[in-house]
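Try each one yourself before you read its solution.

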Amino acid sequence: MMISSYDHLKKAMNEFNDTTLIRLVYVSNISKQALPDPLLFEHIRTHSEDYNRKNNIKGMLCNNQKYFLQCLEGTKQALLPLMDRIFQDKRHKKLRVNLLKPIEHYSFDDWRMRSLSLDESLWCKGTIQAQSPELMKFIPFKPLEWSEWFLEHFLEIMRKFDDVNQSYEAQQKSYNIVRDPNAQVVSILDSTLLHAFLLVLVLAVLLGVLRMNAII
Ligand SMILES: Cc1cc2nc3c(=O)[nH]c(=O)nc-3n(C[C@H](O)[C@H](O)[C@H](O)COP(=O)(O)O)c2cc1C
């Protein structure tokens, strides 16, 4: 299945009843102009949480430095207007719906839009990914090459991964660790600044000692 336009999606959705719960998964390429924006994810998430909660849409959003993968679950009345806007959103391009099917129940338990970065550069000791060998299977993150079965498997693992981070606060914290590439830059920057400060301190002490010796 590969749906790449809103009109095509609308047609494909015709086969579902108004009350049918639908799972929709798409992959898109993050656009070049959006990529450097450090708040890209935060903006989408904040907006999505509000809209999705009000419209009973559940799911998750993840990315690496190249792709977004989003799973949305809801009725077609809820999903279609949203997908219309998502298709037009300039922050990504080449959107391809690769899973569209009726489901019995929501697979994600609440309205939260999970955002998770699967960027390889963040795969370092101490991060959530490194502690979760199950996620390892999906790195490198190449969702366009995945079969439907593997895609569903990925969603299942992500759902379980979610359960581990039960409280919302804890989840936000842990997700920040893996989501925000700037967090690493900041911590590197922090330690660089700390090292520079210590170096200046040592030099100042040395200079003081030398001066004292010269005076003595
Ligand atoms: C990858 C991606 C995923 C998005 N997911 C959602 C979402 O789940 N819910 C939502 O309301 N907006 C989502 N958006 C934002 C919409 O595309 C759009 O910007 C937003 O609905 C505001 O549209 P408006 O400016 O026309 O009101 C997403 C955007 C991107 C780039």
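**Exercise 1.** In which strand is methionine 60 found? Then work out whether methionine 60 counts as buried or exposed.

*Solution.* Keep in mind that you're looking at a predicted model. Start with the secondary structure: methionine 60 sits in β2, the strand covering residues 58–63. Next, count neighbours. A residue is buried if 20 or more other C-beta atoms lie within 10 Å of its own. Methionine 60 has 22 C-beta neighbours inside 10 Å, so methionine 60 counts as buried. Finally, check on cysteine 71: eleven residues separate it from methionine 60 in sequence, yet their C-alpha atoms are 5.3 Å apart.

**Exercise 2.** Describe the geometry of α2, end to end.

*Solution.* First, the span: α2 has 15 residues and runs 22 Å from first C-alpha to last, close to the expected 21 Å. Second, look for a bend: there's one of about 25° at serine 48. Third, pick out the buried positions, which are Phe41, Ile44, Ser48 and Asn52. Last, step just past α2, where asparagine 56 has a positive phi of about 55°.

**Exercise 3.** Which element gives the largest share of the shell around the ligand?

*Solution.* Begin with the count: 15 residues surround the ligand, with Ser48, Tyr51, Phe68, Asp89 and Arg91 the closest. Now sort by element. α2 (40–54), β3 (67–74) and α3 (76–88) supply at least two residues each, and α2 takes the largest share with five.

Key:
Residues numbered from 1 in each chain as written. Predicted model: local features only at pLDDT ≥ 70, side-chain atom pairs only at ≥ 80, totals over all residues. Near = placed C-beta within 6 Å. Helix = DSSP H or I, 4+ residues; strand = E, 2+ residues; numbered from the N terminus. Buried ≥ 20, exposed ≤ 12 C-beta atoms within 10 Å, placed from the backbone. Expected span 1.5 Å × (residues − 1). Bend = angle between axes of the 7 residues up to and from the residue.
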